[in-house]
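The points after the lead sentences are grouped by topic.

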Amino acid sequence: MLKIGVRLPRQFDDSGDYLADARAMESAGADSLWLDAEGYDPWLLLAGMATITGRIRLVVPVSSAEVRAPQDLGAKVATLSRLSRGRMALAVTGAAEGSGGVDAVIELARRAQCCVILETAGDRRAGLTDGVVGVSESPERFRAAVEPVTRFRAREKLTGPFELWATIKRPDDRETWRRVLREYEEAGATGIIVPFDPRLLDLLRNGDEEEDRSDLTLAQG
């Protein structure tokens, strides 16, 4: 079964509503919470989420600037790992820009027993991490993007768990949702990342059910 990641915005009007949304996604069965590239400080946002959730994974976007100074990440990783009771993961963005520090970030994650995911499947170190986010314009392009990574891991006999994530748009209905899940699973994905939307709750909770057409029955008699 595919894991479902939910990408939350990094800006909000009301902190109570924002944290309630995070908790609702956990209750609906989402595997992980990811964050947009821009907005408020991601470490502070996820620290807040850590205090009101108990199961869902919290994925921190690590910028190229942080990659270039991995020694400064240690205290942040240790703090969020303790607050979340080990539920955090690092998603390295802009890996090519920070090529000199990605290896150090991977080493840091290993010491902290923290999952590290590259959001650039084409990076040469992708196969040495715990997962990648592949090109996601279509299941076919996703498969083509991650295939070199899976071949590398097979050649190097790396047999540990490895996550293959695809980023998709939020489907408009349950039928499309089921089709997208099936197509990406067949393409080799182990998880999909969906942008947050209140209607996503219904898909997570009732995605396997047929559309409720009782409104039409009532209208037509």
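Strand E1 (residues 3-10) is joined to strand E2 (residues 32-39) by 5 bridges, and the two strands run parallel. In this predicted model, a further 5 bridges connect E1 to strand E8 (residues 191-195), again in a parallel arrangement. Eight strands close into a barrel, in the order E1-E2-E3-E4-E5-E6-E7-E8, with parallel pairing. On average, and with direction ignored, neighbouring strands of this sheet are turned by 30° against each other.

- Val6 has a bridge partner on either side: Leu33 in E2 and Val194 in E8.
- Arg10 stands opposite Gly39 in E2.
- Of the 8 residues of E1, 6 are buried, so the strand is largely enclosed by the rest of the structure.
- Strands of a sheet pair through backbone hydrogen bonds, in either a parallel or an antiparallel manner; for E1, the pairing with E2 is parallel, and so is that with E8.

**Helices on the sheet**

- A right-handed β-α-β unit is made by E1, helix H1 (residues 15-27) and E2.
- The barrel order places E1 beside E2, and H1 packs on the sheet with contacts to both of these strands; the direction of H1 makes about 175° with that of E1.
- Helix H6 (residues 139-155) also packs on the sheet, where it touches strand E6 (131-134) and strand E7 (163-167); the direction of H6 makes about 160° with that of E7.

**Nonpolar cores**

- The largest nonpolar core has 58 residues, of which Leu33, Met49, Leu90, Trp177, Tyr184 and Ile192 touch the most other members.
- Helix H2 (residues 42-52) gives the most to this core, contributing 6 residues.
- Another core, of 9 residues, lies apart from the largest one and includes Val59, Cys115, Val133 and Trp165.
- In soluble globular proteins, nonpolar side chains tend to be buried together.
- Leu33, the bridge partner of Val6 in E2, contacts Val6, Leu8, Ala22, Met25, Met49, Ile56, Arg57, Leu58 and Val59, when neighbours within four places in sequence are left aside.
- Two of these contacts of Leu33, Val6 and Leu8, fall within the residue range 3-10 of E1, and another two, Ala22 and Met25, fall within the range 15-27 of H1.

**Cysteines**

- What number of disulfides does a search of the whole structure find? The search finds 0.
- Cys114 is in no disulfide, and the nearest cysteine sulfur, that of Cys115, is 6.7 Å away.

**Ala104 in helix H5**

- Ala104 lies in helix H5 (residues 99-111).
- Is Ala104 buried or partly exposed? At 28% relative accessibility, Ala104 counts as partly exposed.
- Ala104 and Gln71 are 33 residues apart along the chain, and their C-alpha atoms are separated by 8.4 Å.

Methods: Residues are numbered from 1 along each chain as its sequence is written. This is a predicted model: local features need pLDDT of at least 70, side-chain atom pairs count only at pLDDT 80 or more; totals for chains, interfaces and linings use all residues. Side-chain values use heavy atoms; hydrogens and water are left out. A nonpolar core is a set of buried Ala, Val, Leu, Ile, Met, Phe, Trp, Tyr and Cys residues joined through side-chain atoms within 4.5 Å. Buried means under 20% relative accessible area, exposed over 50%, partly exposed in between (1.4 Å probe, protein chains only). Helices (H or I, at least four residues) and strands (E, at least two) are DSSP runs, numbered from the N terminus. Contact means heavy atoms within 4.5 Å. Two strands pair if DSSP finds at least two bridges between them. A crossover is right-handed if, with the strands pointing away from the viewer, the path from the first strand over the helix to the second runs clockwise. Axes are lines fitted to C-alpha atoms, for helices over the stretch in contact, and angles run from 0 to 180 degrees between N-to-C directions. A disulfide is a pair of cysteine sulfur atoms within 2.5 Å.
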